[in-house]
Amino acid sequence: MASPMFEKIALVGIGLIGSSLARVIRREGLARHIAIATRSASTLKRAEALGLGDTYSTDASDAVRGADLVIVSVPVGSSGEVAAEIAPALKKGAILTDVGSTKASVIAQMQPHVPKGVHFIPGHPLAGTEKSGPDAGFADLFENRWCIFTPLPGTDPAVLEKLSEFWRRCGSNIDTMDPQHHDMTLAIVSHLPHIIAYNIVGTADDLEAVTKSEVIKYSASGFRDFTRLAASDPTMWRDVCLHNKDAILEMLARFSEDLASLQRAIRWGDGEKLFDLFTRTRAVRRSIIEAGQDIDVPDFGRQAVEHPGAKP
């Protein structure tokens, strides 16, 4: 096994991302010491029972003291508060990063608190499931998934490369973006799909009589996949909506215009337009599979996951 990249890594937040990091750091031997911090005593106790770290604390500043790499894995709305809390304890030369899915807001919240001599490199691993908490994590979560950095002006290239190599050893592919470009991109590929899913499932739930007798009972794969997205952490997605508001509103406006166009095509029986749209979108799906970001098996691989050994 390769020598550890860091003597001590501190994970502030131990939900899906944090606990997955703890597992892959341990498996790959990326640190000699893993310090875990979370405000919830019960969550911390569960993380300890799972053996995710070496030391555990409800005091984030205690956990980050002496750490070479600090990874903040909290809802984006809490980023500034956490940065203010841990700032006095960060050692000079430490790397501070995050995993939030909005970047401009996180930078605005965290950067003012970062002490001189600490390397702050905002990041976002594009990986996740609808589950949350320390039990939800797994070491392969980041395998062949993208981790995007939005480095600030003046970022030390050598430090950025070291952090990039850390994520590569966690299984990720690496890219860099401007924070605003990141937020606009994620608004369409991640944030909008979740918002649409929440809305569709909410609409079904509003139809109470139907929901209880038919929607749940006869859920086809399409509705089931919407419910998977809509089962994601409410706190995290509330914060995403509030902290990437402008980009999400712009994507919602574009989506609404396209939806109105689709509505007109259905109303006027414009089969050619419908066929062209469905053909174009089918090609997008194929491109995602070719890029290695999903698998080409029936039912999105659900049978393979739920029934290991079953033939696709």
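Residues are numbered from 1 along each chain as its sequence is written. Because the model is predicted, local features need pLDDT of at least 70 and side-chain atom pairs count only at pLDDT 80 or more, while totals for chains, interfaces and linings use all residues; side-chain values use heavy atoms, with hydrogens and water left out.

The protein contains 13 helices and 9 strands, taken as DSSP runs numbered from the N terminus (helices: H or I, at least four residues; strands: E, at least two). Of its 312 residues, 42% are buried, that is, under 20% relative accessible area with a 1.4 Å probe, protein chains only.

| Pair | Sense | Bridges |
|---|---|---|
| β1 (residues 6–12) and β2 | parallel | 6 bridges |
| β2 and β3 (residues 55–57) | parallel | 3 bridges |

F6 has A31 of β2 as its bridge partner, and I36 stands opposite Y56 in β3. From β2 the chain crosses through helix α2 (residues 41–49) to β3 in a right-handed β-α-β crossover. A right-handed β-α-β unit is also made by β1, helix α1 (residues 16–28) and β2. Right-handed here means that, with the strands pointing away from the viewer, the path from the first strand over the helix to the second runs clockwise.

Technical notes. Buried < 20%, exposed > 50% of the residue type's maximum accessible area, 1.4 Å probe, protein only. Pairing = 2+ DSSP bridges.
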